[in-house]
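Hello,

Here is the structure I promised to pass on to you. Have a look at it first, and then read my notes below.

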Amino acid sequence: MKAKFWICSLLVVSAVLAIAKGGDPVLMTINGKDIKLSEFEYLYNKNNQQQVEKETLEQYVDRFVLFKLKVADAEAAGIDTTDLFKREFEGYQRELIAPFITEDTTYRWKFLNEAYQRYLTVYDIDHMMLPLGNTVQDQQRSVMLMDSIRNCVLNGESWAELAGRFSVDPYVSRNQGHFAGVSSCSFPYDIENAIYSTPVGSVSKPFITQFGIHMVRVNEMHPRNDVRASHILKIFPQNATDEQKAVCKQKIDSIYALLLAGADFEEMAKNESEDPGTAQHGGDLRWFGRGRMVQPFEDIAFSLPDGAISEPFESRFGYHIIKKVAHGAPSFAEIRPSLEMAIDRDSRKNLIREQRLVDFKTKYNFSFNPEAEKYLTNALTGGLDSTFLTKYVKNSTLPLFTYGDGKSVPVSALASQLNPKMKILDPVKSMEFIRSLADAVALDALAEYKNMELLNTNDDLRNLLNEYRDGMLLFEISNRRVWKAAGKDTVGLEQYYEKNRSKYTWDEPYFKGIILSAKSDSILDLVKADVNKFGADTLAQALYNKYGSEIRLQSMVVKQGENNLADYLAFHSGDMPKSQGYPVFMILQGGLINQPENLNDVRGWVTSDYQDVLEQRWKEELYKKYPVKINKKVLKQVK
């Protein structure tokens with residue numbers, strides 16, 4: 001209960017690191033740290049907005065000071081320097097900063113909008129691919145061959161025959177290079193761009209991607225006309241007899257009759273459909289296009305009017321009833337999640353990063369150091385290997401690039417990006433690879449610079465981040481000094497209980513003991529026969545060792561109304577409980593007691609009170625340990 005109280009309170013009392021501004025005097029100093037008036041006013045006003053009963057200024061000052069003292073104690077304990085704390089806080093920071101990073105949102109929206117607009121048009125295309133080869137000369141030969149194939153296509157030769165002879169597309173053996181129902185995110189982005197930029201009836205020129213040398217022909221295009229439908233399915237076996245099919249047909253006909261009488265289709269699907277993938281969703285198949293469903297399911301779904309329900313019909317899976325919900329295309333909101341995933345899987349994700357880097361470089365005065373370029377080029381004359389990493393990169397302090405207000409990142413920053421086992425013999429390719437790593441390092445550095453700029457200029461973000469930081473510190477130090485400490489201090493807890501034993505009394509009886517539940521009557525009979533074979537101290541463990549999962553043991557100290565088994569067996573009230581898997585039960589040990597017998601009977605109650613004691617001791621210690629100075633004149637300025 002204490003932990004929950006403090007967690008709920010931390011968002012009210014957590015502190016904000018305000019930037020020093022003109023006219024922002026120091027209100028108080030706690031453990032040598034200045035706290036500005038603006039910081040205090042922010043929290044004071046926020047606190048008053050959240051409280052049902054307003055605190056007076058004096059009351060809030062006391063609570064604020066105590067909070068700051070606890071944060072100071074956490075910092076003194078080094079909690080904010082631990083790897084665990086840093087990782088958790090950095091995770092929160094990334095999440096909280098993300099909505100403020102407009103660059104990613106802008107470019108992502110551009111690609112999302114483009115993907116959705118393309119999704120609304122469906123293409124029928126032919127595709128062919130040749131291998132890239134291992135050298136520049138191989139690539140040039142593949143481009144020349146593809147150009148010759150293109151001329152053959154333009155002269156009327158069969159695409160399917162040419163694709164069968166030359167294309168290395170893994171699907172060519174099945175489709176001879178023909179693809180129907182193509183839209184955005186059907187192909188990698190480079191190929192998609194070629195498809196959507198080639199006029200209907202035309203053949204693209206050969207183009208290169210990371211996968212190979214490509215060529216596409218656009219046969220036709222049309223607006224998307226998909227169907228959204230739900231269905232109810234009754235399955236019959238793959239090799240069903242006429243009799244089995246007749247039984248299945250009778251079931252589907254009964255369902256159809258109920259639907260005609262006004263039964264709700266969604267509820268009928270949930271209760272009657274045997275399609276495990278859709279039944280729980282009321283039979284919803286969501287949107288689908290041509291070629292996605294078996295026949296005659298597809299034709300019937302497309303031929304129905306919106307809102308209509310089909311008569312029962314047979315497919316190779318069983319008997320169906322379809323309800324057509326709509327036709328056309330899903331809305332942007334419906335399709336957006338799948339478009340988001342597609343963008344994160346292909347080159348568009350990298351394009352977003354690249355554009356973000358370009359913007360950052362321009363905005364933050366980025367400059368790659370010419371001396372570093374020269375240094376790395378000379379170091380890579382023999383190619384990239386472990387020697388390059390250890391000799392030229394790992395300990396180099398030469399600036400790799402500069403940015404912002406004179407900040408720089410050394411060449412050694414590349415070390416964390418390099419695999420010591422990597423080998424690239426070609427010096428030119430080696431340098432290209434190093435430049436790509438330098439861009440990755442630059443993006444991280446510039447993004448961090450952007451984050452710091454946000455923290456220095458955006459009060460809302462800075463306040464929010466520091467609420468998390470100080471709240472995390474408060475939780476951990478309170479856990480160490482109070483919540484967990486009370487449970488761990490067994491000697492102190494026992495002494496406190498003995499000293500205050502008269503406080504912990506009950507005004508009604510409690511059941512104290514062990515209730516045993518069994519999977520069957522026969523198991524319970526065997527247990528009863530064994531009860532007298534073991535001593536009282538070892539009885540429960542001995543029975544568990546013998547019967548294992550056949551029995552369940554519950555040790556408890558409860559009053560009436562807190563446990564249905566105890567209510568029925570010990571207090572003789574209520575109906576017999578129904579316990580799935582363990583339907584029979586008995587009191588193994590114990591009975592009713594009028595007052596606690598020892599600390600364990602009231603441990604939760606005592607622990608809660610002992611936490612209050614530790615809290616008070618800690619508070620007194622904090623005021624002695626850390627000096628507090630409050631400027632009364634500045635306090636009068638609080639609004």
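Of the 639 residues in the protein chain, 44% are buried (under 20% relative accessible area with a 1.4 Å probe, protein chains only; exposed is over 50%, and partly exposed lies in between). Please keep in mind that this is a predicted model, in which local features need pLDDT of at least 70, side-chain atom pairs count only at pLDDT 80 or more, and totals for chains, interfaces and linings use all residues. Residues are numbered from 1 along each chain as its sequence is written, and side-chain values use heavy atoms, with hydrogens and water left out.

On the overall shape: the radius of gyration of the protein chain is 36 Å, whereas a compact globule of 639 residues would be near 26 Å (taken over C-alpha atoms; the globule rule is 2.2 Å times the number of residues to the power 0.38). The C-alpha atoms fill a box of roughly 105 × 85 × 55 Å along the principal axes.

The chain has 24 helices and 17 strands (DSSP runs, H or I of at least four residues and E of at least two, numbered from the N terminus).

Helix α15 (residues 370–379) packs against helix α17 (residues 427–457) at an angle of about 140°, with the axes 10 Å apart (lines fitted to C-alpha atoms over the stretch in contact, with angles from 0 to 180 degrees between N-to-C directions). The contact (heavy atoms within 4.5 Å) involves E373, L376 and T377 of α15 together with M431, I434 and R435 of α17.

Best wishes
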